[in-house]
Amino acid sequence: MAKLIGGLGTSHIPAIGNAIHKGLQQEPYWKPFFDGFPPIREWLGAKKPDVVVIFYNDHGLNFFLDKMPTFAVGAAQQYVNSDEGWGIPSLEPLRGEVDLSWQIINTLVEKEFDVTTCQEMLVDHACSLPLKLFFPEGNYPVTVVPVCINTVQFPLPSAKRCYALGKAVGEAIQSWDSSKSVAVVASGGLSHQLDGERAGFINKVFDLQFLDSLESNPEWATQFSVHELVKKTGTQGVELLMWLAMRAALTAASPKVQRVTGNYHIPISNTATAVLALEAV
Ligand code: DHB
Ligand code: FE
């Protein structure tokens, strides 16, 4: 059976792509964020996952407001980045792990999640940037399964539902008939709001409490409604649902996790950024 070895989380701001493209990683503005990644790469280098399952949110690229699945799972041979303009000009396509995609889709539907199945799927910065941050040299040594959670068009799924989804994805990975090792990834957050009266809103106290809860009390955030989460973290801060799903997936591997490394920095663009690696113990 496949082995679920751990979980990673990172923010996914397009400006990060631009900073990578221009080689700004050591500039004072960017260094505190990029400094979070060498320990993550060290962990990846030691553990060598074959596959990553990425919880992310599409931002109106593959799914627009007229057709918005709550949960969508990619089942494609490859995923092409199609963010326009402002990130890295050209990114290599992500290679799909189709067999695991169907394992996840079948398991989710069996467990009564009504998912959208995507045999063709374009991806944006939320799916492509984590890979570039984890494997900056390119030629990604992993295949991927993208799991998309709607956080852009109301109604959004509840924290409780995203936790249940993550747990079911973890169970699907653990029961996959394969000798491969798998890591789960969360892409998004933490607190940020890009528009409206509260543009620039950041909530460090809540972010740190949430990051702590991922280690010690993973269901903590499920007490909040989506509207409460928006109030506490901003309209885009609700992307932290990805982190909750990632953490829930790990419960399928082990009742306990150990924090390998983490980093929290304010701000990059309008966002409170975080980077985290959790290992199933
Ligand atoms: C920013 C943050 C995001 O999550 C995103 O998807 C796009 C932009 C930002 O802070 O600029
Ligand atoms: Fe985003």
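# Reading a predicted iron-site model

In sequence, the residues that donate to the iron ion (ligand 2) follow the spacing H-x46-H-x179-E.

User: Which residues are the protein donors of the iron ion (ligand 2)?

Analyst: Donors are N, O and S atoms within 2.8 Å of the metal (3.2 Å for Na, K and Ca); water is not among the atoms, so sites may look incomplete. Here the protein donors are His-12 (NE2), His-59 (NE2) and Glu-239 (OE), at 2.0 to 2.2 Å from the iron ion. His-59 sits in the loop between strand 2 (51–56) and strand 3 (71–74), and Glu-239 in the loop between helix 8 (226–233) and helix 9 (241–250), so the pair ties together parts that are 180 residues apart in sequence.

User: What conventions apply to the model and its numbering?

Analyst: This is a predicted model, in which local features need pLDDT of at least 70 and side-chain atom pairs count only at pLDDT 80 or more, while totals for chains, interfaces and linings use all residues. Residues are numbered from 1 along each chain as its sequence is written, chains are lettered from A and ligands numbered from 1 in the order in which they are written, and side-chain values use heavy atoms, with hydrogens and water left out.

User: Is His-59 buried, exposed or partly exposed, and which of these is Glu-239?

Analyst: Buried means under 20% relative accessible area, exposed over 50%, and partly exposed in between (1.4 Å probe, protein chains only). His-59 has 31% relative accessibility and counts as partly exposed. Glu-239, at 3%, counts as buried.

User: How many helices and strands are in the chain?

Analyst: Helices (H or I, at least four residues) and strands (E, at least two) are DSSP runs, numbered from the N terminus. The chain has 9 helices and 11 strands. Its radius of gyration is 17 Å, close to the 19 Å that the globule rule gives for 281 residues, so the chain is as compact as a globular protein of that length. That radius is taken over C-alpha atoms, and the rule is 2.2 Å times the number of residues to the power 0.38. Along the principal axes, the C-alpha atoms fill a box of roughly 45 × 40 × 40 Å.

User: What do burial and contacts say about the chain as a whole?

Analyst: Of the 281 residues, 56% count as buried. Contact means heavy atoms within 4.5 Å. Among contacts between residues at least 6 apart in sequence, 81% join residues at least 24 apart.

User: Which residues does Ile-268 touch?

Analyst: Ile-268 is found in strand 10 and is buried, with a relative accessible area of 0%. Leaving out residues up to four places away in sequence, Ile-268 touches Ile-13, Ile-16, Tyr-29, Trp-30, Phe-33 and Thr-273. Ser-181, in strand 9, is also a buried residue, at 13% relative accessibility. With the sequence neighbours up to four places away not counted, the residues that Ser-181 touches include Lys-3, Ile-5, Lys-48 and Val-51.

User: What should I check in the backbone?

Analyst: Most residues other than glycine have a negative phi, and most peptide bonds are trans. In this model a cis peptide bond joins Gly-189 and Leu-190, with omega about 0°. Leu-190 is placed in the loop between strand 9 (181–187) and helix 7 (204–216). The peptide bond from Ile-266 to Pro-267 is cis as well, with omega near -20°, and Pro-267 is in strand 10 (residues 257–268).

User: Where are Lys-48 and Asn-139?

Analyst: Lys-48 is in the loop between helix 3 (37–47) and strand 2. Lys-48 is not a glycine, yet has a positive phi of about 50°, and is exposed, with a relative accessible area of 59%. Asn-139 lies in the loop between helix 5 (125–134) and strand 8 (143–149). Asn-139, not a glycine either, has a positive phi of about 45° and counts as exposed at 67% relative accessibility.
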